[in-house]
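Open the model in your viewer and keep the selection panel at hand. The stops below say what to select and what is there.

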Amino acid sequence: MNYSVKIEGKSFKINHDTTLMEALRERGFPLVLNCGGLGVCRKCLLEITSGKVCDGHSLKDNGKILACKSYAKSDLVLRIPPQMSHYDPSIVKEFLAQKKIKLDPLIKVISLELKGQESSKALRQRIIKEFDKKGIGISEISSEALKNLEGFFKRSCFKVDAVVYKNKFLIDFIENKSKRAVMPALAVDIGTTTVVLNLFDLRSGRLLADDAFINPQVSYGADIITRILSARDLLVLKNLSFILKKKINESIKKITSCLKISSDDIYIAGIAGNTTMLHFFFHVSPDYLRRGHSVTTVDFCPQSRAGDIDILINPEGRILSLPSASSYLGADILAGLLALPDYEEPFILADIGTNAEVVLGWQGNFLAASCSAGPAFEGAGIKFGMHASKGAIYKLEIKENDDLDYSVIGSLKPAGICGTGLIEAVYELFKKGIVNKRGKFIEGTSERLRKNTEEEYEYVLVYRRDSLIDSDISVTQSDIDNFILAKGALFSGIYFLCQKADLKFNQIKKFYIAGGLGNCLDIEKSVKIGLFPDIERNKFFYLGNAALKGIEAALLSGELYDKSEFIKESMVVFDLSAEDEYMREFTASLFLPHTDQSLFSNKNQNEVKAGIDGK
Amino acid sequence: MENNMNFFPFLNKGGVYSLPKIAFEIYDYIPENYPGILKEYFSNFSGKPGMWAGAAREFKADMVCLKLIGCHPDERDFGTAQAVNSVKDVLENTDLPVIVIGTGISQKDNEILPAIANHFKGQNLILGCARQENYKEIVKEAKHSGGSIILEVPVDINLAKQLSILISEEGMPLDKIVIYNTSAALGYGFEYVYSIIERIRLAATSGDKFLSTPQLAIVSTETWKAKEATADFAQWGENKARYALWEAVGACGYLAAGADIVVMHHPEAIKAVRLLIDELTENN
């Protein structure tokens with residue numbers, strides 16, 4: 001039996017034996033499923049406006065239902081509750097630390113002119129000779145180019161532009177007449193949660209257009225491990241690759257038509273992403289990643305022909321990536337290293353997200369580790385946590401008289417709190433003495449503190465009347481505990497690497513922050529709760545989306561691209577879970593700011609103590 | 001605050017500041033599974049902790065450690081009044097410093113320990129144990145009593161330091177805190193606890209004031225739990241001597257690691273350890 005479903009202005013048909021989740025997923029609705037559809041995380045809530053639904057137990061005709069467990073029992077009109085609304089990643093802005101790159105793009109357009117005289121040599125040989133004269137050694141001409149060879153030359157009176165890849169491969173001929181204003185190239189950062197595309201000009205490095213969307217794979221699980229587990233089913237693996245590429249292609253179509261250029265004009269795309277994402281993209285099973293120690297199936301992704309892997313740029317165009325250093329340190333962190341402006345050593349690069357990769361650059365080596373902070377920084381696993389999108393609290397201040405000031409992204413009323421907001425909340429609660437050094441709520445310190453239905457303490461940030469959703473927005477004890485685990489993981493990872501290199505924090509010259517969390521981050525507050533080491537604040541730099549910048553840089557400069565292999569070889573990867581001392585460092589960092597108070601300046605200690613004594 | 005733990009055990013640094021102490025463990029009630037070997041010495045003292053405490057002098061113990069086993073809900077579930085009486089009995093019959101250790105059940109300890117702290121102000125009792133989940137209730141009363149508090153952590157140097165910081169922030173002076181990492185008998189994790197005690201002592205010598213507290217090691221009950229110590233198995237040797245040795249070796253090990261107070265209950269073991277301490281420190 002088929003029923004019709006209307007949701008968010010779209011209508012479609014649904015079968016009676018397909019769950020709402022499956023149906024919506026097929027149609028591209030980016031439902032985030034942290035638990036991969038097990039009915040546990042409750043992030044797939046939908047509201048019934050009209051119609052009947054069976055939620056696995058009973059028939060419901062109103063209220064909220066879990067999409068992963070529900071089947072349609074009649075024609076339906078549904079809506080997505082406000083806190084689950086579409087993640088608009090374009091809100092994530094960037095702060096650039098500019099890098100000067102010597103332009104030597106991987107794709108070049110070289111003008112050729114074969115003098116008209118008859119020659120006994122084959123046309124192909126003559127072309128190669130012409131290139132030779134220019135000092136470029138062509139080793140291969142693509143079959144597509146060969147097919148069009150004669151026609152092209154005849155038509156254009158022996159004057160053509162050749163598209164050359166890496167100064168070695170002649171991949172296409174283009175009309176000299178249609179002098180292009182730009183030479184577009186694509187850079188894609190496939191994040192676990194968000195995919196970002198940049199279309200930029202290879203001639204100048206200038207950004208032409210960009211787009212971002214939620215990685216459609218989230219409907220198979222919010223985190224990497226859940227997706228890898230689902231992908232043991234080869235059909236699912238195929239689908240994961242398929243839906244990702246499909247969305248990327250849609251995005252390419254969208255931006256090229258906006259710019260009124262043809263996607264055939266794009267001859268190169270660079271893909272950055274963590275190791276698992278790259279495996280999925282190139283349709284390689286990542287199953288080994290989750291077993292044992294750092295075993296990747298592929299550590300260097302092949303340079304594929306676009307036509308071979310169904311990416312809709314010019315079929316002769318090349319799709320390439322950067323090497324992965326280990327199962328958790330992928331092309332994204334490598335790209336991040338490429339993106340660094342000329343750096344001084346020792347430096348730290350921290351990519352703050354679920355994986356929380358940290359790199360310490362010292363004496364030509366890159367000591368790296370994945371801190372596995374967990375999703376708290378991205379708002380997952382937090383009761384009212386959400387991505388940094390419309391409705392997210394990203395700044396807050398606790399004032400006198402239990403008053404609270406907060407700032408919300410894109411809206412006046414909040415629907416939840418994002419990673420940055422959580423950092424602010426923990427700092428404020430700590431400063432005001434509402435939580436102790438272990439992050440535990442102290443009874444009687446605030447009117448906003450209460451016990452909730454799960455018998456744990458929570459602090460109300462926003463009361464229902466002021467919120468966008470149908471309830472109070474609060475921060476629970478579990479939220480803070482999870483956050484402290486995340487910040488402890490990151491800090492102890494940094495501490496561990498510095499110890500390995502025998503460096504003290506005050507020796508660090510630059511601290512680069514990458515990842516979406518970086519853009520609204522308050523450095524001072526982050527240091528005071530022990531998220532970052534206590535080093536001079538002017539040493540911190542935001543890189544924005546470093547992975548994207550890095551892959552762009554690699555496409556813009558052959559030298560940098562070649563350097564990536566060298567960087568990979570210079571990376572010394574530590575598996576923190578296998579290091580004896582790490583556990584001790586981790587436990588020590590589960591204190592605000594840290595068990596070893598000498599790591600954080602005295603000034604800080606006094607300020608905090610005043611808050612506690614005062615209460 | 002001056003660091004008072006800036007030397008290693010048994011070393012004399014311009015006059016040893018404090019000698020390691022042996023605490024003689026007694027109970028308010030002797031449970032069924034009390035080792036037969038010890039019943040021979042002490043079975044008459046069940047319910048008479050005062051008299052039992054008196055015996056400490058005979059073995060030359062430095063302190064008395066009263067463990068309120070009778071108050072445990074699974075034993076006799078004695079109430080607060082009875083607990084207070086047991087302590088009173090002990091205090092009246094000895095002039096050695098007294099340690100009082102509760103049941104280990106937070107709910108019960110939160111009733112009896114604060115009451116004892118309150119009742120015996122000025123008696124300089126050492127009360128235990130305060131854990132992460134119930135330290136506040138105990139410190140609230142203990143800090144006004146003039147006595148000390150023992151904090152208990154599951155063998156982790158960071159947790160010990162964190163709890164020490166939190167307890168001192170609740171108002172307990174730093175020189176009234178004793179750290180207890182849940183001890184283990186020989187063969188049951190002894191080395192692990194040894195290394196933590198040693199690490200804490202090392203941290204203290206480098207000036208960490210939150211870890212510069214005396215450390216407690218409870219060897220008595222742990223040895224009692226070890227079947228190798230109690231089993232009457234001829235191939236393992238004569239079991240009376242074996243028990244005493246098991247306890248003595250455990251105690252000596254912990255003392256070498258840096259424990260300042262070892263809680264013991266076998267008279268022969270106590271004698272042996274007493275000899276060791278006296279000899280190692282006598283000529284200093």
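This is a predicted model: local features need pLDDT of at least 70, side-chain atom pairs count only at pLDDT 80 or more; totals for chains, interfaces and linings use all residues.

Within the pairing, pick Lys6(A): its bridge partner in β2(A) is Ser11(A). Now look at the link between the strands. β1(A) and β2(A) make a hairpin with 2 residues between them, and Glu8(A), in the turn, has a positive phi of about 50 degrees.

Next, select Glu458(A) and Lys383(A) and show their side chains. The two form a salt bridge, with N and O 3.7 Å apart. Glu458(A) sits in strand β26 (residues 457–462) of chain A, while Lys383(A) belongs to the loop between β21 (365–370) and β22 (392–398), so this pair ties together parts of chain A that are 75 residues apart in sequence. Over all chains, the structure holds 39 salt bridges.

Now switch to chain B and display it as a cartoon. Chain B has 11 helices and 8 strands. Its radius of gyration is 18 Å, close to the 19 Å given by the globule rule for 284 residues, so chain B is as compact as a globular protein of that length. Along the principal axes, the C-alpha atoms of chain B fill a box of roughly 50 × 45 × 30 Å.

Then show both chains and select the residues where they touch. On the side of chain A there are 12 residues in contact with 13 residues of chain B. The area buried between the two chains is about 1100 Å², and carbon and sulfur atoms give 51% of it. To see which residues of chain A lose the most area to chain B, select Arg438(A), Arg584(A) and Thr595(A). Together these three account for 37% of what the side of chain A buries.

Which residues form the salt bridge with the closest N and O atoms 2.1 Å apart? Select Glu169(B) and Lys437(A), which form that salt bridge. The rule finds 1 salt bridge across the interface of chain A and chain B. It also finds 7 residue pairs in polar contact across this interface, both residues of each pair being at pLDDT 80 or more.

As a last stop, select residues 580–588 of chain A. This is helix α13 of chain A, which gives the most to the side that touches chain B, with 3 residues. Colour that side of chain A by class to see 4 nonpolar, 4 polar and 4 charged residues.

Note on methods. Residues are numbered from 1 along each chain as its sequence is written. Chains are lettered from A and ligands numbered from 1 in the order in which they are written. Side-chain values use heavy atoms; hydrogens and water are left out. Contact means heavy atoms within 4.5 Å. Buried area is the accessible area (1.4 Å probe) that two parts lose on being put together, summed over both. A salt bridge is a side-chain nitrogen of Lys or Arg within 4 Å of a carboxyl oxygen of Asp or Glu. A polar contact is a pair of N or O atoms within 3.5 Å; within protein, one must be able to donate a hydrogen and the other to accept it, and residues adjacent in sequence count only if both atoms are side-chain atoms. Helices (H or I, at least four residues) and strands (E, at least two) are DSSP runs, numbered from the N terminus. Ala, Val, Leu, Ile, Met, Phe, Trp, Tyr, Cys and Pro count as nonpolar, Asp, Glu, Lys and Arg as charged, and the others, Gly among them, as polar. Two strands pair if DSSP finds at least two bridges between them. The radius of gyration is taken over C-alpha atoms; the globule rule is 2.2 Å times the number of residues to the power 0.38.
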